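Subject: Structure handover and notes

Hello,

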Amino acid sequence: MKVPPQTQTSSPLYVSRPDLPNLEDTYKYLEQIKSARYLTNNGPVLQTFEAALRDYLSAPHISVFSNGTLALQSALAGFNLSGTVITTPYSFVATAHILKPLGLTPRFVDIDPETLCIDPQHIEAAIDKDVCAILGVHVYGTPCDVEAIEAIARKHKLKVIYDAAHAFGIEYKGQSLLSYGDASVLSFHATKSFHSVEGGAIITPHSQLDEWVRVYRNFGLDSHGSALFEGINGKMSELHAAIGMLNLERFEVQRDMRKHVVETYKRELADIPGIQLIAPNSDATQNYGYMPIRITADYGLDREALVHAFEEHNIYPRRYFYPLITDMPAYAEHKQLFPIASKVADEILCLPLFHDMDVQEQDSVIAVLKHHAQ
Ligand code: T4K
């Protein structure tokens with residue numbers, strides 16, 4: 001017999017619930033920043049943060065930015081590209097938004113039905129003389145098919161940039177996933193598995209790119225205060241860097257707490273008809289930043305009706321990623337049918353997930369899902 005969900009969460013249960021580090025520890029950093037009277041512009045805390053990240057992520061070169069979007073834009077700007085960039089319609093819109101300001105044109109191709117990342121077969125088919133780069137996204141931290149993409153890029157002499165906004169701390173075949181491609185770009189937004197409230201970073205094996213983006217993020221200024229080229233303001237403040245430092249210390253503990261929440265979800269949802277879990281890549285570690293499920297035809301409600309049912313219980317899962325970028329008005333000229341990506345976008349739902357989600361909160365999400373099963 002189906003039991004209607006008993007629990008109505010008193011405060012809204014969102015897809016994510018970012019938190020700040022311990023206030024006493026934060027206060028110590030604030031005192032340090034206050035006494036240094038150095039608040040931003042490549043200050044001492046930012047430099048410490050960059051060094052700590054370089055070490056933790058085994059990154060040959062890393063430059064920290066004020067957010068992931070500007071970091072991604074800067075990485076592409078640094079390769080001085082022109083023409084067309086092959087990318088995915090199944091991502092957060094920032095992935096595509098950075099192209100037009102650089103004079104680049106996106107060419108969207110469909111995704112792989114298992115990884116939900118860009119499909120190398122479609123990349124290969126979309127290459128012509130205008131294509132200069134491939135921009136893949138490690139969706140939910142699942143690696144793109146990096147080997148196939150590397151082979152295609154080598155064959156056609158293309159740059160490979162990964163939007164690794166979801167891929168903090170992921171290892172693939174025993175090495176950092178961020179070591180693949182010409183550059184990988186992280187987001188440290190508050191809703192991410194590791195955050196500095198707002199922030200992002202470029203990881204690259206190319207020392208020249210690293211040197212260039214460091215100048216670019218500071219208006220293109222040289223050490224004499226003269227602009228070498230038209231740069232941007234992509235600098236991270238000392239306060240954000242301090243939060244990043246403290247969150248880096250907590251990352252693994254919080255990741256393991258999220259792992260526990262994810263495992264409970266997977267156990268409880270495994271046998272519900274019409275709920276499809278996304279299989280992890282067995283060659284990769286996970287950071288448990290998202291809990292995506294697919295609501296398929298065998299479920300009792302369609303995805304939209306389920307979202308509505310959740311809202312009645314004060315629960316707000318998110319349809320990451322719906323609509324497809326190519327179905328958004330801003331990309332009307334790129335609208336076309338992507339059979340796999342369209343289907344996934346119509347079925348996807350990311351459930352609430354954060355490290356300190358309590359049992360009652362998680363039970364209420366699971367109860368709604370069980371209640372509406374066929
Ligand atoms: N590439 C990819 C693949 C990305 O996913 C992203 C960002 C980027 C690039 C760009 O990186 P950044 O420039 O952002 O560093 C959120 C995030 O704002 C965005 O960073 C993230 N992807 C995207 C997937 O999710 P929204 O529009 O869904 O955010 P919002 O404000 O609706 O927040 C989601 C839920 O979280 C809300 O329902 C409430 C809750 N929440 C949110 C915040 C910020 C809180 O409870 N507290 C909070 O402080 O985009």
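Helices (H or I, at least four residues) and strands (E, at least two) are DSSP runs, numbered from the N terminus. This is a predicted model, in which local features need pLDDT of at least 70 and side-chain atom pairs count only at pLDDT 80 or more, while totals for chains, interfaces and linings use all residues. Residues are numbered from 1 along each chain as its sequence is written, and side-chain values use heavy atoms, with hydrogens and water left out.

F310 counts as buried because its relative accessible area is 0%. Here buried means under 20% relative accessible area, exposed means over 50%, and partly exposed is in between (1.4 Å probe, protein chains only). Leaving out residues up to four places away in sequence, F310 touches I315, P317, L349, L351, V365, V368 and L369; contact means heavy atoms within 4.5 Å. F310 and L369 are 59 residues apart along the chain, and their C-alpha atoms are separated by 8.6 Å.

Helix α9 (303-312) also comes up with α10: together with β12 (292-295) and β14 (348-350), it is included in what covers the buried residues of α10. Those buried residues are A341, S342, V344, A345 and E347. As background, an α-helix has 3.6 residues a turn, so residues three or four places apart point the same way.

The loop between β13 (315-316) and α10 (339-347) holds H334. Because its relative accessibility is 17%, H334 counts as buried. Apart from neighbours within four places in sequence, H334 is in contact with T105, P106, F108 and T326.

The peptide bond from Y320 to F321 is cis, with omega near 15 degrees. Another cis peptide bond joins Y322 and P323, with omega about -5 degrees. For comparison, most residues other than glycine have a negative phi, and most peptide bonds are trans.

Positive phi values turn up at two residues that are not glycine, R37 and K157. R37 has phi near 55 degrees and lies in the loop between α1 and α2 (44-56). R37 counts as exposed because its relative accessibility is 72%. K157 has phi of about 55 degrees and lies in the loop between α6 (146-156) and β6 (159-163). With a relative accessibility of 74%, K157 counts as exposed.

Next, the salt bridges. A salt bridge is a side-chain nitrogen of Lys or Arg within 4 Å of a carboxyl oxygen of Asp or Glu, and by this rule the count comes to 19. One of them joins the side chains of R214 and E50 (3.1 Å, N to O). R214 lies in helix α7 (residues 207-216) and E50 in helix α2, so the pair ties together parts that are 164 residues apart in sequence. R214 is partly exposed, with a relative accessible area of 23%, whereas E50 counts as buried at 3% relative accessibility.

The side chain of E50 also meets that of R217 in a salt bridge (2.9 Å, N to O). R217 is in the loop between α7 and α8, so its pairing with E50 in helix α2 ties together parts that are 167 residues apart in sequence. Both E50 and R217 are buried. A network of salt bridges links E50, D210, R214 and R217.

Elsewhere, D130 forms a salt bridge with K129, with the closest N and O atoms 3.5 Å apart. D130 is partly exposed, with a relative accessible area of 36%, and K129 is exposed, with a relative accessible area of 77%.

Last, helix α8 (residues 238-269), which bends by about 50 degrees at R250. The bend at a residue is the angle between axes fitted to the seven residues ending there and the seven starting there. At the start of α8, a side-chain oxygen of S237 reaches to within 3.3 Å of the backbone nitrogen of L239.

Regards

Technical notes
A polar contact is a pair of N or O atoms within 3.5 Å; within protein, one must be able to donate a hydrogen and the other to accept it, and residues adjacent in sequence count only if both atoms are side-chain atoms.
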